[in-house]
Amino acid sequence: MSKVSMVLNGKTVSADVEDRTLLVSFIRDVRGLTGTHVGCDTSQCGACVVHVDGKAVKSCSMLAVQADGAEVVTLEGIGTADSLHPVQAAFREHHGLQCGFCTPGMIMTAVDMINRYGAGNLDETTIRHELEGNICRCTGYHNIVKAIKAASDQMAGMAQAAE
Amino acid sequence: MAVEGIGARALRKEDKRFITGKGRYTDDMTMPGMGHAAFVRSPHAHAKVKGIDASAALEMPGVDAVLTGDQLVGDGIGNLICGWMIHSKDGSPMKMGGWRALEPEIVRHVGQAVAVVVADTQAQARDAADAVIVDYEELPAVIDPLAALESGAPQIHPEAEGNLIYDWEIGDEAATNAAFEKAAHVTRMEIHNNRLVPNAMEPRAALAGYDAAEEHYTLYTTSQNPHVARLVLSAFYNVAPENKLRVIAPDVGGGFGSKIYIYPEEMVCLWASKRVGRPVKWVSDRTEAFLTDAHGRDHRSEAELALDADNKILGLRVKTIANLGAYMSLFSSSVPTYLYATLLSGQYDIPAIHANVKTVYTNTTPVDAYRGAGRPEATYLLERIMETAAREVGLSPAEFRRKNFIRTFPHQTPVIMCYDAGDYDATLDAALKAADYDGFAARKAEAASRGKLRGIGLSCYIEACGIAPSAAVGSLGAGVGLWESAEVRVNPVGSIEVLTGSHSHGQGHETTFAQLISERFGLDTSAVSIVHGDTDKVQFGMGTYGSRSGAVGMSAIVKALDKVEAKAKKIAAHLMEASEGDIQIEGGELKVAGTDKKLTFTEVALAAYTAHNLPEGMEPGLKEGAFYDPTNFTFPAGTYVCEVEVDPDTGKTEVVNFVAADDFGNIINPMIVEGQVHGGITQGIGQALLENASYDENGQLLTASYMDYCMPRADDVPSYSLSTHVTACPGNPLGMKGCGEAGAIGSPPAVINAITDAIGDNSLSMPASPEKVWALYHAGVKQAAE
């Protein structure tokens with residue numbers, strides 16, 4: 001057993017876990033944050049994407065102990081029903097989800113994508129390429145791509161307005 | 001929120017919980033004291049189970065029990081069943097082999113469960129499952145369906161001699177043979193429909209609890225049809241009587257058919273929860289899903305199309321061998337028969353059709369309905385041979401199809417179906433226009449200048465949805481009726497709960513069903529809640545599959561709404577001292593026509609519940625239920641056009657344009673319909689280019705993870721161009737046909753027809769891997785040079 005401490009969605013949490021505990025198990029089973037999903041166990045599908053120290057990570061492919069001392073953000077940490085993150089809002093506005101199972105990973109990947117490229121700097125080809133690590137079986141990606149592009153452009157507008 | 005009625009692009013009510021991480025899927029559920037299950041699975045495709053030694057596993061930390069098939073059978077748990085009886089052409093019933101949820105004697109596919117471990121944690125359960133020692137005696141296995149039918153092939157079930165499940169036929173063989181005798185041209189093709197794995201992103205899961213004091217079970221499960229699950233678990237598997245079993249399918253992360261069936265694992269979790277005395281949760285990992293979720297398709301067919309001298313179709317002759325895997329899954333028998341061969345007439349006036357279908361056991365995962373279920377196989381066969389025939393006789397594929405379209409309705413095909421309405425010219429025209437079909441030659445030349453091979457392919461599909469008229473399917477062998485039920489509960493303050501037997505696992509029923517009520521009563525959609533997926537709340541229902549939730553599920557709601565409206569009008573007329581016939585419902589109010597007298601919907605609802613002043617003899621309350629049994633199938637149809645570029649150096653295909661023109665009848669929410677088509681097309685492109693369940697000769701599934709089975713990713717597909725044309729369905733009150741499967745049905749032949757156009761070889765099979773495309777193209781180039 002190892003003691004793991006991290007800042008999870010802004011709150012410092014710690015627990016004693018088996019060494020082999022995956023980060024996704026820590027998030028879901030230890031902390032009860034079930035918004036992060038497990039779709040494949042082999043780091044292909046991306047339903048488990050969270051942010052660790054500001055970078056998108058597949059939490060099924062990282063041990064909880066590796067996140068010791070890190071700042072971890074899950075889907076629950078980026079916005080709420082009353083105060084949606086622009087990417088969350090865009091997924092709803094553009095029907096970028098159906099069953100909702102891949103959605104947490106899609107949104108967390110999209111936020112990371114916009115962070116890395118800069119808001120307003122994403123085109124369809126780039127978005128499609130960047131989504132290679134996230135599988136959706138429902139939407140055919142069409143509306144996910146639209147949602148991410150719209151969110152990216154909207155966030156650019158917001159940034160400009162703030163200046 | 002607002003009044004968002006039929007036709008509004010209403011944003012989804014359910015989305016907020018999904019985009020904020022508050023969805024409630026089965027794996028998110030817990031019960032106090034719950035343990036975790038892990039299954040011990042066969043590594044062999046065919047083997048005798050000679051012994052199971054659980055002693056080491058039982059010593060491991062956290063382990064409660066290791067349960068085996070002998071105990072399951074000893075407790076009287078029944079075999080898994082196939083619920084649709086098919087008779088062979090000689091009149092004999094299909095040959096159903098015994099299927100136990102935990103197999104005590106002979107395993108018949110890799111991944112079949114022989115034991116289950118229950119432990120405190122999932123990791124402990126999985127560790128202990130690895131420590132269970134099973135003594136197997138390997139038996140010869142047969143994987144290929146054609147090989148399984150050969151004499152001397154390994155025998156899989158004692159009930160099915162020669163591994164033949166049934167030898168079935170449809171249509172008039174003599175008339176079809178006569179049509180071929182007078183044909184001016186016959187096109188012949190061998191057409192395979194590759195085996196697929198459905199791959200809903202949420203793996204199957206179950207959480208079962210047993211209350212000993214009440215002798216009552218609760219099951220959370222990933223089901224498209226929780227009531228059917230309860231029925232089968234009760235009536236056939238003897239788990240518990242229906243009143244002692246509550247089945248809840250909460251948020252379900254996609255189904256595509258694979259979550260219709262009642263699998264061994266859910267049943268074992270229920271049984272184990274009582275045996276072990278604690279709730280039991282099981283969550284499939286992805287490889288378990290590949291090995292045990294019912295697969296789809298897997299047909300080998302020979303098709304012949306007879307044309308007269310004017311290129312009108314005279315007849316179609318089809319022989320199909322369908323691989324059903326190691327066991328007959330719940331609806332497996334109906335897929336390659338009544339969901340397949342009845343659609344072989346397509347959009348065409350074909351005077352004579354004969355199809356012979358043999359289904360066969362092999363040592364592979366069971367095969368059942370997957371998005372489209374039989375209809376993709378029919379469409380692929382027909383649209384491949386239509387395109388090929390057009391090329392052979394030198395007609396434009398579009399004009400050849402147009403020449404043979406059905407134009408008068410109702411149209412009785414030679415294979416049972418009676419098409420009620422459609423306008424196939426309209427969707428063909430729309431698709432050709434959107435695809436700029438006439439401008440293709442210039443695009444092909446431009447692509448050639450870049451060294452690329454450009455091709456264009458068509459597919460004019462039809463499907464039968466709205467499944468289905470109960471008496472009709474009963475006469476064809478179905479074990480259940482396929483109606484739907486609904487209950488509309490108006491609360492005393494005028495908000496409404498609609499209980500439906502349909503189940504949403506991504507389709508957006510919480511929104512579209514609310515739009516129907518919003519339209520009817522002029523109420524804000526936020527005043528309407530949709531309740532589904534719980535056998536304790538909804539009395540009964542048949543669930544969601546076969547694109548039936550609109551045409552059948554919403555029709556049941558309409559019937560219940562009719563009754564609610566009639567009663568509300570009676571109450572309003574009584575309160576306003578008016579004639580019932582003069583009451584109009586508009587904008588959330590009940591008005592007396594031609595006067596300024598009115599009551600709000602809320603006032604009428606409250607009056608129904610206070611019951612202080614109701615018409616003489618009227619019962620209090622405002623709640624009505626209805627069952628709706630469809631009068632016919634519905635027939636969505638359309639045309640898809642795919643344009644591809646093939647790189648002759650690598651054989652890689654890029655889909656550069658994809659156009660869909662669909663007729664789904666009336667549409668409740670275009671946004672949701674478009675989403676269904678996007679997803680369906682992508683699954684179809686996946687089948688055509690990328691996906692294939694591959695077994696080696698020993699029955700090992702080589703594609704049992706996302707590292708080996710190629711799911712379509714975002715950069716494998718383009719954005720799509722969609723349009724709809726409406727011919728209302730005359731068979732149901734809303735005029736709906738259904739849209740859930742069309743994309744997956746119509747797209748594979750369009751893609752393959754485009755590639756065969758590009759490379760000049762009609763023999764290409766799915767999936768069109770770069771290697772296969774490259775080899776065919778270069779073989780053709782070489783042959784032309786010789």
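In this predicted model, the centres of domain 1 and domain 3 of chain B, taken over C-alpha atoms, are separated by 40 Å. The contact between these domains takes 16 residues from domain 1 of chain B and 14 residues from domain 3 of chain B. On the side of domain 1 that touches domain 3, helix 7 (226-235) and strand 11 (245-248) of chain B each supply at least two residues. Helix 7 of chain B gives the largest share of that side, with four residues. Sorted by class, the side of domain 1 of chain B that touches domain 3 of chain B consists of eight nonpolar, five polar and three charged residues.

The domain assignment of chain B places residues 31-139, 201-254 and 259-292 in domain 1. Domain 2 of chain B is made up of 373-463 and 633-785, and domain 3 of chain B covers 483-628.

The largest nonpolar core holds 308 residues, of which A37(B), V116(B), V117(B) and V751(B) touch the most other members. Helix 16 (residues 549-575) of chain B gives the most to this core, namely eleven residues. With residues up to four places away in sequence left out of the count, V117(B) touches A37(B), A38(B), V40(B), A57(B), V63(B), V66(B), A125(B), A128(B), A129(B) and V132(B).

Helix 19 of chain B spans residues 742-759. Helix 19 of chain B is followed by G760(B), which has a positive phi, near 70°.

Between the chains, the contact takes 48 residues from chain A and 43 residues from chain B. Four helices of chain A, helix 2 (86-93), helix 3 (103-117), helix 4 (124-130) and helix 5 (142-162), each supply at least two residues of the side of chain A that touches chain B. The largest share of this side, four residues, comes from helix 2 of chain A. By class, the side of chain A that touches chain B comprises 20 nonpolar, 18 polar and ten charged residues.

Technical notes: Residues are numbered from 1 along each chain as its sequence is written. Chains are lettered from A and ligands numbered from 1 in the order in which they are written. This is a predicted model: local features need pLDDT of at least 70, side-chain atom pairs count only at pLDDT 80 or more; totals for chains, interfaces and linings use all residues. A nonpolar core is a set of buried Ala, Val, Leu, Ile, Met, Phe, Trp, Tyr and Cys residues joined through C-beta atoms within 7 Å. A residue is buried if 20 or more other C-beta atoms lie within 10 Å of its own, exposed if 12 or fewer, and partly exposed in between; C-beta atoms are placed from the backbone. Two residues are in contact if their C-beta atoms, placed from the backbone, lie within 7 Å. Ala, Val, Leu, Ile, Met, Phe, Trp, Tyr, Cys and Pro count as nonpolar, Asp, Glu, Lys and Arg as charged, and the others, Gly among them, as polar. The expected span of a helix is 1.5 Å times one less than its number of residues. Domain bounds come from an automatic or database domain assignment.
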